[in-house]
Amino acid sequence: MSEEQNKPAEAEVEQTEAVQDKAAQEKAAQDKAADAGAGDRVAQLEAEVASLKDQLLRQMAEVENTRRRAQRDREDASKFAVSSFAKELVTVADNLRRALEAVPAEGRENDEVLKGLSVGVEATERQLISAFERAGIKKIDPTGELFDPNFHQVMFEIENTGKPAGTVVQVLQPGYTIHGRLLREAMVGVAKAGPHEMGGQHVDTKA
C-alpha cells in the first residue's frame, strides 16, 4: 500500500483518539463534579447532625433545670407550708415561758403545788422546743449582738448601757426562724449612742 493510501487511515485513528481523549476529559470532569457534590452533601449532613445534637443538648439541659426547679419548689412547699401554724405555736412557747417567769423562786421552794406546776410547765416547754427543732424552727435570742434589721425589730433605745450603739441589750420577745427563713422578728431594746460616741451607729426605731 502506498503512503498516500495510508494517510486517510492514520487521520481516522488520530480523530478517534481525539474523540476518546475528549470523552475521557468530560468523564473526569463529571466525576470531579460528582465528588464535589458528594463532599458538599456530606458537609451539609454533618452540619445538620451538629445542629441537631446542639438542640438536643440544650433541651436536655432545660429539662434538667426544670426538674431541679420543681424539686426545689416541692422541698420549699414541704418546709414552709407549716409557717402559719408555727407562728401560732411560738406564741404558745412565749406563754409557757411567761408562766415560768411569773413564779417566784421562793414560791417554788416553799410551795409544793407551785413547784410541781413549774416542773410540769418546764417539761412541756422542753417538749415543745424539741418539736420545734425537729421542724427546723430555731429561737432567736440576740442579746449582746448588734442590731440586725433582717431579724430584729427595735422597740426602744437605752442610754448609758456601756455597750456600743446598736447593741441589743434587752429582748422583749424572742424571734424565730424556720429552715433559716425568718418566721418572727425578735422585739428588742438597743443601746443608744452617747454624746461622746461621735459617728456611732444610728438605729431607726420606727416600725
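Guide: What follows goes through the salt bridges pair by pair. The model is a predicted one, and it holds eight salt bridges. Side chains of opposite charge can pair when their charged atoms come close.

Arg-184 and Asp-94 form one of these bridges, with the closest N and O atoms 2.6 Å apart. This pair joins distant parts of the chain, since Arg-184 belongs to strand β5 (residues 181-184) and Asp-94 to helix α2 (residues 83-102), 90 residues apart. Arg-184 has a relative accessible area of 15% and is buried; Asp-94, at 6%, is buried as well. Both values count as buried because the cut-off is under 20% relative accessible area.

Arg-108 pairs with Glu-122, and their closest N and O atoms are 2.9 Å apart. Here too distant parts of the chain are linked: Arg-108 lies in helix α3 (residues 105-110) and Glu-122 in helix α4 (residues 112-134), 14 residues apart. Arg-108 is partly exposed at 23% relative accessible area, and Glu-122 is partly exposed at 22%.

A further salt bridge connects Arg-58 to Asp-54, with 2.9 Å between the closest N and O atoms. Both residues are in helix α1 (residues 3-80), four residues apart, so about one helical turn separates them. Arg-58 is exposed, at 58% relative accessibility, whereas Asp-54 is partly exposed, with a relative accessible area of 35%.

Finally, salt bridges also link Glu-64, Arg-67 and Arg-68 in a network.

Methods
Residues numbered from 1 in each chain as written. Predicted model: local features only at pLDDT ≥ 70, side-chain atom pairs only at ≥ 80, totals over all residues. Heavy atoms only, no water. Salt bridge = Lys/Arg side-chain N within 4 Å of Asp/Glu carboxyl O. Helix = DSSP H or I, 4+ residues; strand = E, 2+ residues; numbered from the N terminus. Buried < 20%, exposed > 50% of the residue type's maximum accessible area, 1.4 Å probe, protein only.
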